[in-house]
Amino acid sequence: MKILFIGDIFAKAGRVILAGKLEKLKRAYNWDICIANAENSAGGKGITYNVAQEIFECGVDALTLGNHTWARREILNFIDSCNGLVRPANYPRGVPGKGRLIIDKNGIKLGLINLIGRVYMDQPAECPFLTADKEISILKQQCNAILVDFHAEATSEKAALAYYLDGKVSAVVGTHTHVQTADERVSNNGTAFITDVGMTGPAEGIIGVERSQIINKFITGLPERFKPANGRGCLNAVLITTDDTSGKAIEIKRVAEVYDI
Ligand SMILES: [Fe+2]
Ligand SMILES: [Fe+2]
């Protein structure tokens with residue numbers, strides 16, 4: 001099976017790119033399942049019901065989240081009923097939503113797990129390693145392949161999880177930093193990995209935000225309401241191919257498109 005995983009969709013710019021470009025990319029890459037990280041999809045922070053529907057209508061099958069999961073209060077109204085939406089599985093017990101799901105498409109079942117890191121993330125979370133073990137043990141009997149979106153800041157934590165899960169899942173993809181890394185690989189045991197998939201949104205800001213605001217923030221420390229940057233846009237993703245019988249990854253390819261929008 002072929003899976004397209006799209007890096008953090010940032011604000012309206014990211015959604016405009018998806019609506020305008022995803023169909024053409026699908027003709028070129030012909031994936032079976034498309035997943036996107038959507039933690040920044042509404043105005044750069046969080047997600048709303050309407051924004052989630054808009055992304056699904058572009059042809060995305062499932063959405064993952066991250067440290068901005070709760071940025072919009074209205075998510076509490078729909079997270080439990082929205083089938084294609086997962087938040088980090090290692091969030092504290094009892095919070096709304098789910099951390100894993102099975103995407104069943106054309107007779108292929110892909111297990112999807114979302115996890116959040118604990119290094120420089122400032123979020124209450126259980127151990128992502130032990131949570132991954134638990135979630136995989138539930139999914140592995142029912143799925144042809146398993147993909148983990150590890151939403152984390154530290155490169156080391158992402159690499160450690162990828163090696164910890166080596167041979168147990170088809171792919172570990174990092175999200176959160178908004179900058180695509182060039183370290184994609186498939187291990188000998190058939191696990192694809194990339195430290196960070198990158199971002200889909202404004203290409204000319206600083207991780208999506210207007211440059212001057214981020215620079216001012218570093219110099220003055222004063223609080224400011226961040227605006228998405230203007231200018232060109234980008235779509236960052238990875239295309240992962242797995243063997244349908246074994247679930248092992250065969251290939252991971254980076255996608256990094258830049259558009260005038
Ligand atoms: Fe993000
Ligand atoms: Fe994030």
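In which helix does Lys12 lie? Lys12 belongs to helix α1 (residues 11-29), where helices are DSSP runs of H or I with at least four residues, strands are runs of E with at least two, and both are numbered from the N terminus. The structure is a predicted model, in which local features need pLDDT of at least 70, side-chain atom pairs count only at pLDDT 80 or more, and totals for chains, interfaces and linings use all residues. Residues are numbered from 1 along each chain as its sequence is written, and chains are lettered from A and ligands numbered from 1 in the order in which they are written.

The C-alpha atoms of Lys12 and Gly43 are 6.5 Å apart, although 31 residues separate the two in sequence.

The protein comprises six helices and 13 strands, and 49% of its 261 residues count as buried. Its C-alpha trace spans about 50 × 40 × 35 Å along the principal axes.

Strand β5 runs antiparallel to β6 (residues 108-116), to which six bridges join it. Ile102 has Gly111 of β6 as its bridge partner.

Definitions and conventions. A residue is buried if 20 or more other C-beta atoms lie within 10 Å of its own, exposed if 12 or fewer, and partly exposed in between; C-beta atoms are placed from the backbone. Two strands pair if DSSP finds at least two bridges between them.
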